[in-house]
Amino acid sequence: MAARKLEGTAQALQIFIGDDDLWETEPLHRVLVHRLRLAGVAGVTVTRGIAGFGLSGQIRAADRLGGATDLPLVVTVIDIPERIASLLPLIDELVEDGLVIRFDVEILRHQDAN
């Protein structure tokens, strides 16, 4: 599937989940990346946090040796507003727990990292 270059006004969709979250038996973040690629989005990045907490108030953090469970993950999707809007039913289907936000962004540069 060919990548699409973005210019000008776009939107970001961020999905805050845990490292241990699953969709059926697969890690949720991997399922999201795969399904979003099939949906034709311009790009997706998964970022692992080193600490965080959500509605439960339970702090999840990496220890000094780098070990931890259920660290926070943020799946970020950037695309045109119409494409982001079309993804919302898919996100609703896959993400049971977590936080999902959408906001406007301005693309200043979109170059291949290779």
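Residues are numbered from 1 along each chain as its sequence is written, and side-chain values use heavy atoms, with hydrogens and water left out. In this predicted model, local features need pLDDT of at least 70 and side-chain atom pairs count only at pLDDT 80 or more, while totals for chains, interfaces and linings use all residues.

Helix 1 (residues 28-38) and helix 2 (residues 81-94) pack at an angle of about 155 degrees, and their axes lie 11 Å apart. Helices here are DSSP runs of H or I with at least four residues, and strands are E runs with at least two. Axes are lines fitted to C-alpha atoms over the stretch in contact, with angles from 0 to 180 degrees between N-to-C directions. The two helices are therefore roughly antiparallel (angles over 145 degrees). From helix 1, Leu28, Val31, Leu32, Arg35 and Leu36 meet Leu87, Leu90, Ile91, Glu93 and Leu94 of helix 2 (heavy atoms within 4.5 Å).

The largest pocket holds about 510 Å³ of space, a volume being the space filled by probe spheres set on the grid points. A pocket is an open set of points on a 1 Å grid where a 1.4 Å probe fits, with protein on both sides within 12 Å along at least five of seven lines; lining residues have an atom within 4 Å of a point. Of its 17 lining residues, Phe16, Phe53, Gly54, Leu55 and Gly98 lie nearest the centre. Strand 1 (8-18) gives the largest share of the lining, three residues.

| Class in the pocket lining | Residues |
|---|---|
| Nonpolar (Ala, Val, Leu, Ile, Met, Phe, Trp, Tyr, Cys, Pro) | eight residues |
| Polar (the others, Gly among them) | five residues |

Definitions and conventions:
Parallel < 35°, antiparallel > 145°, perpendicular 65-115°, else oblique.
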